[in-house]
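Subject: Structure handover and notes

Hello,

Here is the structure for your files. Please keep it open while you read the notes below it.

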Amino acid sequence: MKFFIDTANLEQIKEAQDLGILDGVTTNPSLMAKEGISGAEAIKQHYKTICEIVDGDISAEVLSTTYEEMIKEGEELAAIHPNIVVKIPMIKDGVKALKYFSDKGIKTNCTLIFSAGQALLAAKAGATYVSPFLGRLDDISTDGLNLIEEIRTIYNNYMYDTEILAASIRSPMHIINCAKIGADVITSPLPSILGLLKHPLTDLGLAQFVADAKKLG
Ligand code: G3P
């Protein structure tokens with residue numbers, strides 16, 4: 001399973017990269033705004049910087065919502081760096097845009113996926129990735145993991161190449177459960193990734209080993 005980090009924060013991206021387990025980065029307009037990035041040129045420069053830190057797929061989301069504008073914007077984003085993946089919302093014009101970019105060999109990530117039907121349409125349109133939002137479904141008392149399972153079954157049935165990129169991850173358990181189901185990728189904030197490291201028995205065991213190592217001289 002591939003690990004992407006879901007942030008536009010350069011320090012956190014560097015920290016995950018230094019850990020040696022990072023396969024890519026996802027961003028969205030909210031995450032960019034959180035970092036105080038604004039203006040077309042600043043946004044492009046930020047994506048360029050991320051691409052220089054991480055050698056993997058970097059999702060850059062279009063800000064527009066009409067077919068023509070998404071094509072123009074997506075082509076500009078794709079021109080920033082070969083690793084840019086154009087992130088497109090799951091709307092009617094978005095499905096058309098996915099097909100356009102797929103035909104041109106430009107990678108895409110279809111975002112805001114909340115149903116199996118949406119994921120099926122995105123795969124038909126040739127999306128490279130689909131991003132089902134696990135945590136936001138859980139937030140409204142709907143089983144987000146169940147959606148990941150449904151999409152896995154559908155994609156397996158027809159051998160779609162589209163990769164399931166589980167998004168809106170809120171905890172280390174989300175990551176583990178996605179791995180059990182067979183999501184191709186998870187994109188997560190740094191704390192949930194680091195949460196996978198933790199176990200009190202590891203800490204206790206290491207403290208004992210360190211203490212005993214001193215006796216060895
Ligand atoms: O990047 C899309 C997704 O991961 C957003 O997550 O936490 O805002 O629901 P969240």
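This is a predicted model: local features need pLDDT of at least 70, side-chain atom pairs count only at pLDDT 80 or more; totals for chains, interfaces and linings use all residues.

Residues are numbered from 1 along each chain as its sequence is written, and side-chain values use heavy atoms, with hydrogens and water left out.

Helix pairs

Helices (H or I, at least four residues) and strands (E, at least two) are DSSP runs, numbered from the N terminus. Two packed helices are described by the angle between their axes and the distance between the axes. The axes are lines fitted to C-alpha atoms, for helices over the stretch in contact, and the angles run from 0 to 180 degrees between N-to-C directions.

Helix α1 covers residues 10–19 and helix α3 covers residues 40–53; their axes lie 10 Å apart, at an angle of about 15°. That angle makes α1 roughly parallel to α3 (under 35 degrees counts as roughly parallel, over 145 as roughly antiparallel, 65 to 115 as roughly perpendicular and the rest as oblique). On the α1 side the residues are L10, I13, K14 and Q17, and they meet H46, T49, I50 and I53 of α3. By class, the residues of this contact are four nonpolar, three polar and one charged. Here Ala, Val, Leu, Ile, Met, Phe, Trp, Tyr, Cys and Pro count as nonpolar, Asp, Glu, Lys and Arg as charged, and the others, Gly among them, as polar. Contact means heavy atoms within 4.5 Å.

The other pair is α8 with α9. The axes of α8 and helix α9 (residues 172–181) come within 10 Å and cross at roughly 20°. These two helices are therefore roughly parallel to each other, and their crossing is right-handed. From α8, the contact uses L145, I148, E149 and R152; from α9, it uses H174, N177, C178 and I181. The contact of α8 with α9 has four nonpolar, two polar and two charged residues.

Buried residues

Buried means under 20% relative accessible area, exposed over 50%, and partly exposed in between (1.4 Å probe, protein chains only).

I43 sits in helix α3 and counts as buried, at 18% relative accessibility. Not counting residues up to four places away in sequence, I43 touches M32, I37 and L63. Its C-alpha atom is 23 Å from that of I91, 48 residues apart along the chain.

S64 is in the loop between β3 (57–61) and α4 (67–78). How buried is S64? Its relative accessibility is 13%, so S64 counts as buried. Two polar groups are within reach of its side chain: the backbone oxygen of E69 at 3.4 Å, and the side chain of E73, with which S64 makes a polar contact of 2.5 Å. A polar contact is a pair of N or O atoms within 3.5 Å; within protein, one must be able to donate a hydrogen and the other to accept it, and residues adjacent in sequence count only if both atoms are side-chain atoms. Leaving aside neighbours within four places in sequence, S64 is in contact with E69, M70 and E73.

K87 belongs to strand β4 (residues 84–89). Is K87 buried or exposed? With a relative accessible area of 4%, K87 is buried. Beyond four places in sequence, K87 touches T26, T27, N28, S59, A60, E61, V62, N109 and T111.

A119 is part of helix α6 (residues 116–124) and is buried, at 0% relative accessibility. Not counting residues up to four places away, A119 touches I113, V130, I151 and Y155.

Positive phi

L112, in strand β5 (residues 108–113), has a positive phi of about 65° although it is not a glycine. L112 is partly exposed, at 36% relative accessible area.

M159 is also not a glycine and has a positive phi of about 50°. M159 lies in the loop between α8 (144–158) and β7 (163–166), and at 70% relative accessibility M159 counts as exposed.

Regards

Definitions and conventions:
A crossing is left-handed if the near helix is turned anticlockwise from the far one by less than a right angle, and right-handed if clockwise.
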